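User: Can you walk me through this one? I'd like to start with the charged pairs.

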Amino acid sequence: GGTNQGSAWLALAIGAAGAMAVLRRHRARARLAMDAAAADAASYVHVGFRADFRRRGDVLEYFVVAMGERWKGEDVLVVLRRTDGRLWAICNICPHAGYPLDEGDIEDLGESASGRDLGSPVVSCPAHSYLFDMERGTCINMADNCPPAPVYRAQLRGDRLFLSLQPDQDGATGTHKLCKSDENAIQLEMVDRALNRKYGRLISPNELLAVPPRRSKSKGGPD
């Protein structure tokens, strides 16, 4: 009896020790998760409000965050897509010539420009029409001659806008390069959107290229 009772107590002690070890691991993981959440929260700063955004086109809104002396950084262009609430943020200074990107066109092209959906809006520099993918910062039409623009993470928490202090370094930045035909299609679509906004609906360059030439009637032939 004494041997069996001792074995039972030993088993209970081993089980309790195992349970304590599991509990300690769970607590350690919880602390790591809390520390990571706190570090992530600390990497964002409150920079504005939902009401600060201005409409740009049918589905987009934008807001330029003046980082300036307070956060020691370049201004950041934040774009909101109203249909799904997604946000993108990119340095508002063109890395090629230093012009403010918000003074150029900002378009959400989807798949209308080419067979590929970029998944994010495109912004064009007002100086030289360099086009930037707002998800990755890639210069779409001059990737070999222009470095990518820094991109940031943005969040709306209620009606308050938060922005990461440091540019995104996830490895995808600047890597989204397109083939020449896609580049050309996107450039034509950007021009088409800009002209339509300024002058009303016009025939697009892509549509113009698709129109077959008219055959002239021969003189004296049937009408």
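User: How many salt bridges does a search of the whole structure find?
Analyst: The search finds 9 salt bridges. Keep in mind that this is a predicted model.

User: What does Arg 81 pair with?
Analyst: Arg 81 meets Asp 108 in a salt bridge, at 3.0 Å from N to O. The two residues are 27 apart and link distant parts of the chain. Arg 81 sits in strand S4, while Asp 108 is in the loop between strand S6 (106-107) and S7.

User: Is that Arg 81 buried or exposed?
Analyst: Buried, with a relative accessible area of 11%. Asp 108 has 19% relative accessibility, so it counts as buried too, the cut-off being under 20%.

User: Which residue does Glu 107 pair with?
Analyst: Its salt-bridge partner is Arg 193, at 3.7 Å from N to O. This pair also links distant parts of the chain: Glu 107 lies in strand S6 and Arg 193 in helix H3, 86 residues apart.

User: What about Glu 183? Which residue is its partner?
Analyst: Lys 180. The closest N and O atoms of Glu 183 and Lys 180 are 3.4 Å apart. Both lie in helix H3, with 3 residues of separation, about one turn of the helix.

User: Which residues are linked in a network?
Analyst: Arg 50, Glu 61 and Arg 82 are linked in a network of salt bridges.

User: Which residues are on each side?
Analyst: Val 76, Val 78 and Leu 80 are on one side. Leu 77, Val 79 and Arg 81 are on the other. Both faces of S4 are covered. In a regular strand the side chains alternate between the two faces of the sheet.

User: How does strand S3 pair with S4?
Analyst: Strand S3 (residues 60-65) pairs with S4 in the antiparallel sense, over 6 bridges. As one example, Tyr 62 has Val 79 in S4 as its bridge partner.

User: And how many bridges join S4 to S5?
Analyst: There are 5 bridges between S4 and strand S5 (residues 87-91), and the two run antiparallel. Leu 80 stands opposite Leu 87 in S5.

User: What's in the turn between S4 and S5?
Analyst: S4 and S5 form a hairpin, with 5 residues between them. Gly 85 in that turn has a positive phi of about 75°.

User: Which residue has a positive phi although it is not a glycine?
Analyst: Ser 129 is one, with phi at about 60°. Most residues other than glycine have a negative phi.

User: Where is Ser 129?
Analyst: Ser 129 is in the loop between strand S7 (122-124) and strand S8 (131-133). Its relative accessible area is 45%, so Ser 129 is partly exposed.

User: Change of topic. What's the strand order in the open sheet of 3 strands?
Analyst: The order is S1-S11-S10, with antiparallel pairing. Strands S1 (44-49) and S10 (154-157) stand at the edges; each has a single partner strand, so one side of each is left without a neighbour in the sheet. The twist averages 30° from one strand to the next.

User: How many bridges join S1 to S11?
Analyst: S1 and strand S11 (residues 160-164) are joined by 5 bridges and run antiparallel. Among the paired residues, Phe 49 has Arg 160 in S11 as its bridge partner.

User: Last one: which residues make the nonpolar surface patch?
Analyst: Val 191, Leu 195 and Tyr 199 make a patch of about 290 Å². Tyr 199 lies in helix H3 (residues 180-199).

User: Is Tyr 199 buried or exposed?
Analyst: Exposed. Tyr 199 has 54% relative accessibility, and the cut-off for exposed is over 50%.

Notes. Residues numbered from 1 in each chain as written. Predicted model: local features only at pLDDT ≥ 70, side-chain atom pairs only at ≥ 80, totals over all residues. Heavy atoms only, no water. Pairing = 2+ DSSP bridges. Helix = DSSP H or I, 4+ residues; strand = E, 2+ residues; numbered from the N terminus. Axes fitted to C-alpha atoms, helices over the stretch in contact; angles between N-to-C directions. Patch = residues over 30% accessible without salt bridge, like charges linked within 9 Å, V, L, I, M, F, W, Y side chains within 5 Å. Areas by Shrake-Rupley, 256 points an atom, 1.4 Å probe, with all protein chains shown as cover. Salt bridge = Lys/Arg side-chain N within 4 Å of Asp/Glu carboxyl O. Buried < 20%, exposed > 50% of the residue type's maximum accessible area, 1.4 Å probe, protein only.
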